[in-house]
Amino acid sequence: MKHHIIYANHNDGSFNHAVKNKIEETLKNAGHEIFVSDLYAMQFNPVLTSEDLKRLYAGEIAPEIKAEQNKIAEADVLVIIYPVWWTSMPAILKGYIDRVFQYGFAYKAGSNGIEGMLHGKKVILFSSTGQPKEAYENGMYNAMDMTTNTGIFEFCGIEVLDHVYFPSIMTVTDEIRSQYIEEAAEIISKLSPTVK
């Protein structure tokens with residue numbers, strides 16, 4: 001299987017970076033092919049501009065956008081890794097979605113209204129939070145799942161396999177953080193079995 005990891009954290013020493021590295025290692029060891037889009041390392045421009053829209057209406061796609069669309073098109077599974085900031089994803093990841101998941105690539109107008117165009121693809125999301133689990137159990141987890149899982153990925157026809165949240169990442173012990181990283185590896189192994 002082919003996996004496209006989309007990673008959004010500016011800090012190479014972060015928990016998210018450790019999760020990304022562990023997932024890459026786990027997938028490689030299981031025989032999967034991997035593409036990585038490290039958005040900060042790429043200095044990806046997240047701003048959807050009027051020039052982008054003019055190109056879209058003219059049937060043109062900026063080269064950096066086409067390169068990312070090609071990765072998504074080729075992948076069987078998307079793996080999204082990011083910290084939760086202000087109960088959402090970092091702006092660079094939201095902008096990636098704004099610019100890459102374009103009309104005509106990720107969705108279109110069909111006979112029954114808007115239709116997703118990325119059917120057959122799957123996504124697994126890993127998100128760290130600074131707040132404890134209890135702070136999000138008032139409906140915030142459900143809200144984040146609705147806006148991200150449903151509002152973005154399912155809207156485009158992608159099957160959401162899981163959205164895993166790692167709470168209290170700033171205050172838990174190193175031992176707990178290590179357990180979280182192993183949990184991420186176990187989840188990715190379960191959802192993406194070894195290639196025979």
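This is a predicted model: local features need pLDDT of at least 70, side-chain atom pairs count only at pLDDT 80 or more; totals for chains, interfaces and linings use all residues.
Residues are numbered from 1 along each chain as its sequence is written, and side-chain values use heavy atoms, with hydrogens and water left out.

**Overall fold**

- The chain has seven helices and seven strands, where helices (H or I, at least four residues) and strands (E, at least two) are DSSP runs numbered from the N terminus.
- Along the sequence these elements follow the pattern β-α-β-α-α-α-β-α-β-β-β-α-β-α.
- The radius of gyration is 17 Å, close to the 16 Å that the globule rule gives for 196 residues, so the chain is as compact as a globular protein of that length. The radius is taken over C-alpha atoms, and the rule is 2.2 Å times the number of residues to the power 0.38.
- Taken along the principal axes, the C-alpha atoms fill a box of roughly 55 × 40 × 35 Å.
- Of the 196 residues, 45% count as buried; buried means under 20% relative accessible area, exposed over 50%, and partly exposed in between (1.4 Å probe, protein chains only).
- Among contacts (heavy atoms within 4.5 Å) with a separation of 6 or more, 78% are between residues 24 or more positions apart.

- Strand β3 (residues 77–83) has seven of its seven residues buried, so it is largely enclosed by the rest of the structure.
- Val77, Val79, Ile81 and Pro83 point one way from β3, whereas Leu78, Ile80 and Tyr82 point the other way.
- In a regular strand the side chains alternate between the two faces of the sheet.
- β3 runs parallel to strand β1 (residues 2–7), joined to it by five bridges; two strands pair if DSSP finds at least two bridges between them. Within this pair, Ile6 has Ile80 of β3 as its bridge partner.
- β3 also runs parallel to strand β6 (residues 122–128), with seven bridges. Here Val79 is bridged to Ile124 of β6.

**The β4–β5 hairpin**

- Strands β4 (residues 107–110) and β5 (residues 113–116) pair in the antiparallel sense over four bridges.
- The two strands are joined by a hairpin through two residues.
- Lys108 has Glu115 of β5 as its bridge partner.

**The cavity**

- A search of the whole structure finds one cavity of 30 Å³ or more. On a 1 Å grid over the protein atoms alone, a cavity is a set of points where a 1.4 Å probe fits but cannot get out, and lining residues have an atom within 4 Å of a point.
- The largest cavity holds about 40 Å³ of space; grid points are joined across faces, edges and corners, and the volume is the space filled by probe spheres set on the points.
- Its lining consists of Tyr82, Val84, Thr87, Ser88, Met89, Met144, Thr147, Thr148, His163 and Tyr165.
- α6 (140–154) and β7 (159–166) are the elements that give two or more residues to this lining, and α6 supplies the largest share, three residues.
- The lining divides into five nonpolar, five polar and no charged residues. Ala, Val, Leu, Ile, Met, Phe, Trp, Tyr, Cys and Pro count as nonpolar, Asp, Glu, Lys and Arg as charged, and the others, Gly among them, as polar.

**Thr148**

- Thr148 lies in helix α6 and is buried, with a relative accessible area of 7%.
- Not counting residues up to four places away in sequence, Thr148 touches Tyr82, Met89, Leu125, Phe153 and His163.

Methods: On a 1 Å grid over the protein atoms alone, a cavity is a set of points where a 1.4 Å probe fits but cannot get out, and a pocket is an open set with protein on both sides within 12 Å along at least five of seven lines; lining residues have an atom within 4 Å of a point.
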